Amino acid sequence: MPQHSSTTMFRSNCIVLISLLSSFFPLGKAMLNLTLPTPHPNPEEVVQELHRRVNASMSRRQTLQISEKDQSSCITGNPIDDCWKCDPDWANNRQRLADCAIGFGQYAMGGKNGEYYIVTDSSDDDAVTPKPGTLRYAVIQTQPLWIVFPSNMHIKLSQELIFNSYKTLDGRGANVHITGGGCITLQYISNVIIHNIHVHHCVQSGEANVRSSPTHFGWRTKSDGDGISIFGSKDLWIDHCSLSHCKDGLIDAVMGSTGITISNNYFSHHNEVMLLGHSDGYLPDSGMQVTIAFNHFGEKLVQRMPRCRRGYIHVVNNDYTEWEMYAIGGSGNPTINSQGNRYNAPSNPNAKEVTKRVDTAEGEWKGWNWRSEGDILVNGAFFVASGAGVEVKYEKAYSVEPKSADLIVQLTWHAGVLGVGGRDNNLGMWSRGPGDETKFGSGSRKQMMPFSTSALIALSCFLFLYSSTWEKFNVIC
């Protein structure tokens with residue numbers, strides 16, 4: 001549409017738009033997952049679809065005649081990023097992201113087809129009666145929601161942030177940090193996408209009441225202090241997040257959780273990075289399936305990248321900068337399929353081994369199916385394989401067709417949070433407006449509004465009225 005020349009007319013039109021949009025409030029119902037996991041019934045189907053996506057993505061990079069700048073900022077060969085990031089209008093097609101997942105978590109719908117919810121209040125003062133406009137108010141709702149942020153925010157949690165099913169946390173275009181008590185808890189739910197969020201400095205919390213839905217709150221015992229705690233949940237996708245400095249694990253998935261993809265994340269400054277599986281004797285974890293792809297395990301990490309108990313784990317096309325103790329560990333006979341990764345060992349001559357069988361005698365673990373295929377081992381790193389080498393033994397731990405480890409830099413170049421506050425990934429704000437002027441840690445205390453898809457057209461108007469620095473921008477409505 002043409003830009004209005006009259007500020008008065010522009011302001012009036014925006015007020016009308018926002019007034020109309022504020023009348024919408026979506027209805028829905030709770031969707032909880034209380035079943036124990038089983039392996040995917042047709043893992044070959046997962047592989048075939050992901051093979052197609054990866055090959056199509058790499059082919060585009062090789063054949064399209066585009067400028068050097070476009071190559072570095074768009075087509076990368078990473079099938080997730082190339083699925084949405086090359087769309088110049090991605091900010092108005094945000095929910096397309098839900099179609100870009102790969103691996104065992106590719107069926108995570110998140111808040112697809114739901115309303116947009118704009119977080120305008122960064123506070124978290126009341127874990128039992130959260131205010132509309134806060135993040136906590138959004139994640140406990142029963143209906144599908146696509147949750148977005150119009151400005152940079154630092155959300156300091158007072159207690160665990162307990163999600164309900166069918167939610168997408170979409171931080172693209174803003175610098176969003178979640179810290180404090182908890183932090184994120186996914187318990188007995190399904191279909192959650194967490195994208196482009198900083199999660200760090202999470203501490204133990206609990207011994208308090210916390211709301212988990214509009215109709216229920218309950219007493220929570222002391223939490224572990226995980227960055228993201230997954231408990232008895234399925235169909236989950238954690239993508240392009242940066243995680244560090246938490247009390248316990250950065251990501252822990254236990255108690256029968258399955259159907260999980262952990263991709264494009266940047267992990268750093270932590271001891272026990274990732275735990276998959278509750279205990280050696282917990283049988284429901286035998287069906288767990290997790291894809292770990294395109295991540296960068298960065299500086300000052302010690303161990304558990306991941307540490308597996310039972311289940312089927314596909315570790316594919318990740319970049320391991322180094323570790324202090326080991327990279328991949330396990331007990332309880334998990335199946336670990338390592339393909340196309342780069343392992344760069346530390347200088348310590350006693351810590352060159354990539355793998356570690358935890359508290360298990362060699363006579364027992366020699367039969368476990370652990371393999372390294374196409375990995376690059378740097379600085380003396382070595383992977384101790386075991387079990388059968390035949391392909392059929394790894395069917396349930398195979399979810400992505402691996403690319404050559406020679407492409408690791410290209411595939412993981414944009415790992416972690418994108419854009420504002422990210423690692424120089426050149427992804428700007430998701431709307432034209434003064435949100436990028438907001439300083440880290442700020443956040444409005446104004447009332448939020450759940451938005452329908454059409455509301456994205458009017459979001460720039462909202463930002464125009466919201467900010468005192470609007471004159472610096474060309475807002476088109």
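Predicted model: local features only at pLDDT ≥ 70, side-chain atom pairs only at ≥ 80, totals over all residues.
**A friendly note on the sheet, salt bridges and cores**

1. Strand E3 runs parallel to strand E6 (residues 176-181), and five bridges join the two. Within this pairing, His154 stands opposite His177 of E6, while Lys156 has Thr179 in E6 as its bridge partner. Is E3 buried or exposed? Four of the five residues of E3 are buried, so this strand is largely enclosed by the rest of the structure.

2. Now to the charged side chains. How many salt bridges does a search of the whole structure find? The search gives 10. One of them joins the side chains of Asp99 and Lys112, with an N to O distance of 2.6 Å. Both residues sit in the loop between helix H4 (79-84) and strand E1 (115-118), 13 residues apart. Asp99 has 37% relative accessibility and therefore counts as partly exposed; Lys112, with a relative accessible area of 26%, is partly exposed too.

3. Another salt bridge pairs Arg309 with Asp280, where the closest N and O atoms are 3.9 Å apart. Arg309 belongs to strand E23 (residues 307-309), and Asp280 to the loop between strand E19 (274-276) and strand E20 (289-293), so this pair ties together parts that are 29 residues apart in sequence. Which side of the 20% cut-off for burial does each partner fall on? Arg309 is buried because its relative accessibility is 15%, which is under 20%. Asp280, in turn, is partly exposed at 36%.

4. Arg342 in strand E28 (residues 342-344) and Asp319 in strand E25 (residues 319-320) are 23 residues apart in the chain, and their closest N and O atoms are 2.8 Å apart. Arg342 counts as partly exposed at 25% relative accessibility, whereas Asp319 is buried, with a relative accessible area of 7%.

5. Salt bridges can also be linked together here: Arg94, Asp170 and Arg172 form a network of them.

6. Finally, the nonpolar interior. In soluble globular proteins, nonpolar side chains tend to be buried together. In this model the largest nonpolar core has 66 residues, and those with the most contacts inside it are Leu135, Phe149, Ile184, Leu186 and Phe267. Which helix gives the largest share of this core? That is helix H5 (residues 135-139), with four residues.

7. Setting aside its neighbours within four places in sequence, Leu135 is in contact with Val119, Asp121, Ile147, Phe149, Ile155, Leu161, Leu169 and Ile178. Among these, Phe149 is also one of the residues with the most contacts inside the core.

Methods
Residues numbered from 1 in each chain as written. Heavy atoms only, no water. Pairing = 2+ DSSP bridges. Buried < 20%, exposed > 50% of the residue type's maximum accessible area, 1.4 Å probe, protein only. Salt bridge = Lys/Arg side-chain N within 4 Å of Asp/Glu carboxyl O. Core = buried A, V, L, I, M, F, W, Y, C linked by side-chain atoms within 4.5 Å. Contact = heavy atoms within 4.5 Å.
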